[in-house]
Every structure is written in structure tokens, then in C-alpha cells.
Amino acid sequence: MKRRCVCITGSTHGIGFGIAKAFAKEGARLVINSHQPDTEAANYLGKLTECHFVKADLSSVDGARSLVVQAHKTLGRIDTLVNNAGTFTDKAFAEIDEPMFNIAFNLNVKGYLFASQAFSELVQEGHENASIICIGSTNSLAAEKNSVIYDSSKGAVLMMVRSLSLSLAERGIRVNGIGPGIIETPLTQPGLDHPGVRRVLEAQIPLGKLGKPEDIGGAAVFLASEKASYISGQMLYIDGGIVARQMSWEVSS
Ligand code: NAD
């Protein structure tokens, strides 16, 4: 791979950091991001490749656009934008309120959309293999109880991938998504630490284990590469087989 220039939103921890590590190992030049200060992730990645940290809050239009503009200035171009910064705010449906809705939708949907808009404006004519990767979820496809805000926001990511792939095709920009299953990150760790939860989850995953951020990184590198140059508008679920599962007729003894 040539020295691909990649901007990854929300990439100091978790899946975003896993994606950044995978690109770093391929020699890509990186801009990583969080709304909070960071030195640890940038120092780690800086030992592997050229890596710049830009602080920006991706839940605002200004924050999302300014990250992409700064990344473009710093790297000279951006080949791949990874929209990853996202969060989960749900409670039982009766208890959800407008602030919870706004926190999740501003980051999970609005941030993705306006970072993508800024990116598309900066891609020059003739730029080969420019692409956007949006991190959705298995919740883009299948719903979870007490998760109506998150499910709705991730459903929106699926349609954003399809819709943007049409809008940006004539500029040669590919748009794809990755739908992770249950991945061990700071976002999921508190839930996974509840007694018995890990066992219950693993029993429902066909491959029998939770995912790691590294499991997502390799797919992001592939979707950004020339090997994926005819792939657009697709969502790749990386979930140990979760969304493939139907109800079972098997009677357990
Ligand atoms: P995480 O909370 O572990 O990490 C999120 C990263 O985003 C951190 O670097 C954080 O600093 C940054 N961030 C948070 N708010 C931000 C903001 N306002 N502006 C900029 N950066 C911000 O989360 P994660 O589990 O790695 O999830 C990453 C993405 O993957 C999300 O879109 C999430 O919905 C999706 N996802 C996660 C899982 C999972 O099981 N962990 C499953 C499916 C989808």
C-alpha cells in the first residue's frame, strides 16, 4: 500500500485505536482524534508511523468539519476518512429523554455526516481510491431491547453508507461501513464486568467469543485499499456470526 493518509474520528481508545494501529502497521500517515486531550495513543502510534493528534468534538458540525480540514492541512491530503466516534446512551424506552437522544444522534449520525461532507469537498478531481468508512454496528441490522436510541442511530448509519455511496460515486469516492458485534472496549467494559454477562453473551455468539478492536482494524485497511476499489455502499458485519443466526429448532437436553 502507498503511504495512505487516513483520518480516524474517536481513535484514542477502543475500536478507533484498533483501526489506527492496523493502518499504522501498513505504514499509513495518520490523524487520530478525541474530544479529550491525548498523549498516550499518539505516542504509541508515533513509534510505528507518522501520527498527529487533533482534539475536536465530533458531536458538533463545527468540530466534525474542523477535524477534517485540520487533518487535510496536516497531511496534505486525506485518502480515507473513518467515521468511528460514537456512543451509547440508552435506558428503558419509558426513561429516555431528549438530552440522551441528542448526545447519541449528534455523535453517531450528525458527526459522521458533516465529517463526510468536509472530506468530500477536499477530495480533488482525479484522486484515486478516496473512500469513507463508517462504523455502524450489528444494531444497524438487528434491534436490542432497551436500545431504541442506539439502534435508530446505527440504522441511520447503514442508510448513510448507502445514500452517500450514491451521492459520491460520480466523484469516485467509495463509501462503506463496518458493523462490529460485541467488541471489548472502554465503552462495553462496564457492561461486560457485570457478573455472568460475558458468559451469556459468548453463548449467543456462533464463534463463541467476544471481538477485539484488532478484529475490526484489518477489515478497515482492506476496505480502504485498492483491493476494495470496486466495493461501495456495503456494510461488512464483523461479529463472530451474530447476524447470521436464525432461531433454532434444536431441543437442548
Ligand atoms: P469507546 O468509547 O471505547 O471509544 C470511543 C472513542 O471515541 C474514544 O477514543 C473517545 O475518546 C472518542 N470520543 C468519544 N466522544 C467523542 C467526541 N464527542 N468527539 C470525538 N471523539 C470522541 O467506543 P468503542 O466501543 O471503541 O466504539 C467505537 C465505535 O464502534 C462507535 O461508533 C460504536 O457505536 C461502534 N461499535 C462498538 C461496538 C462495541 O462492542 N464496542 C459494537 C458495535 C459498534
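A nitrogen atom of the ligand lies 2.9 Å from an N or O atom in the side chain of Asp-57, a polar contact in the sense of a pair of N or O atoms within 3.5 Å. Taken alone, the ligand exposes 830 Å², of which the protein buries 92% (accessible areas from the Shrake-Rupley method with a 1.4 Å probe). This is a predicted model, in which local features need pLDDT of at least 70 and side-chain atom pairs count only at pLDDT 80 or more, while totals for chains, interfaces and linings use all residues. Residues are numbered from 1 along each chain as its sequence is written, and side-chain values use heavy atoms, with hydrogens and water left out.

| Ligand atom | Protein partner | Distance |

The ligand is surrounded by 30 residues, the closest being Ile-15, Asn-84, Tyr-150, Ile-183 and Thr-185 (a residue is near if one of its heavy atoms lies within 4 Å). At least two residues of this shell come from each of helix H1 (14-25), strand S2 (29-34), helix H4 (98-122) and helix H5 (148-169), where helices (H or I, at least four residues) and strands (E, at least two) are DSSP runs numbered from the N terminus.

Asn-176 belongs to strand S6 (residues 174-180). Asn-176 is buried, with a relative accessible area of 1%, buried meaning under 20%. Leaving aside neighbours within four places in sequence, the contacts of Asn-176 include Ile-132, Cys-134, Val-161, Leu-223 and Gln-234 (contact means heavy atoms within 4.5 Å).

Methods:
Polar contact = N/O pair within 3.5 Å; in protein donor to acceptor, adjacent residues only side chain to side chain. Buried < 20%, exposed > 50% of the residue type's maximum accessible area, 1.4 Å probe, protein only.
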